[in-house]
Amino acid sequence: MKMRVGAGLGFSCGVGSGFSAGLGYRLLCSLGYLGLLCLALLSWAGGAAATPQTGADSKAATEQELAEPIGLDGEIQAAFDAVGAKGVIVLLDDKQGKLVTNDASRSQQAYIPASTFKIPHSLLLLEAGIVEDEHSRFAWDGVKRSYSSWNRDHSFASAMKYSVVPIYQKLAVKLGAERMAKGLAGLDYGNADIGGELDSFWLDGDLAISALEQVRFLRRLYHNQLPVSERSQRIVKTMMLNEADGDWVLRAKTGYGVRKGQKLGWWVGWLEREENTYFFAMNMDINTDSDLALRKRVVKHLLKAKGLM
């Protein structure tokens, strides 16, 4: 009897332990598989998060941030009225992503960029290795031109500062149409159309950009988000320095172009303060040469009225 009970117990325990061990093994395998799957998903998510943004990605992110409608600001029109000029300013608050203007329609009207094009042009020249850095030297060709500041040797930085067109024209030819077109398309600069003469399309050809597009481009440059090296972006920003004092730094570029009889002046750039940065793009009608001085005056009038300068 004891044998039978013992045998029965032995049989019962053998089945039970075999069943439990098999179930436990399967559960452990399942849990192990799920654990590996979770680790794989976490690894994939981490890798995706660590992937750097491309130029297109950063541009899309910037545009999404600036998706809100552009607002009207009476102080901007007052700045034009104060100097007797007609034009538009787009002002962008970097922290808030807030855009304001005095003329919503004109802010989106594309015009010839004139010498404000030296900003993207310089980036492409540096990327191509045609110019080494801001200290690269260019000898005067000996041809006397109407602007006395052009009639001397220049560094790359001073060529931008004094808007020395002949130097940039020669550099454009060295860069070539293919690299120029591909580069502008990559930067997504205005309509990226280099139609016209290779050494003057930004002055009287088909290239066009709006004030709104200018500030968006400048914001990407400021944050090193353009699809070119950080080194090239930093050099160009150094070259754009105009003025500075204890509270702010101003980086900007002027432009003046004539296309199909229309004379247009530009001043685009940004004002850096410790707490924020403000991007601006101004274009205005030019009637006489004396109006050229108004390009900077109207923008400074506005920045001072807002207590930024």
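1. Buried means under 20% relative accessible area, exposed means over 50%, and partly exposed lies in between (1.4 Å probe, protein chains only). Arginine 106 has a relative accessible area of 9%, so arginine 106 is buried. Arginine 106 belongs to helix H4, residues 104–107 (helices are DSSP runs of H or I with at least four residues, strands are E runs with at least two, both numbered from the N terminus).

2. On provenance: this is a predicted model, in which local features need pLDDT of at least 70 and side-chain atom pairs count only at pLDDT 80 or more, while totals for chains, interfaces and linings use all residues. Residues are numbered from 1 along each chain as its sequence is written, and side-chain values use heavy atoms, with hydrogens and water left out.

3. Which side chains does the side chain of arginine 106 meet in a polar contact? One is that of tyrosine 111, at 3.5 Å, and another is that of aspartate 285, at 3.1 Å. A polar contact is a pair of N or O atoms within 3.5 Å; within protein, one must be able to donate a hydrogen and the other to accept it, and residues adjacent in sequence count only if both atoms are side-chain atoms. Leaving aside neighbours within four places in sequence, arginine 106 is in contact (heavy atoms within 4.5 Å) with residues including Lys86, Val88, Leu264 and Asn283.

4. Serine 158 lies in helix H6, residues 156–161. Its relative accessibility is 14%, so serine 158 counts as buried. The side chain of serine 158 makes a polar contact of 2.8 Å with the side chain of histidine 154. Beyond four places in sequence, serine 158 is in contact with Ser163 and Val164.

5. The largest nonpolar core has 53 residues, of which Ile119, Phe156, Met180 and Leu184 touch the most other members. A second, separate core of 25 residues includes Ala85, Trp267, Val298 and Leu308. A nonpolar core is a set of buried Ala, Val, Leu, Ile, Met, Phe, Trp, Tyr and Cys residues joined through side-chain atoms within 4.5 Å.

6. Leaving aside neighbours within four places in sequence, the contacts of leucine 184 are Phe117, Pro120, Leu124, Tyr189, Ala192, Ile194, Phe201 and Leu207. In soluble globular proteins, nonpolar side chains tend to be buried together.
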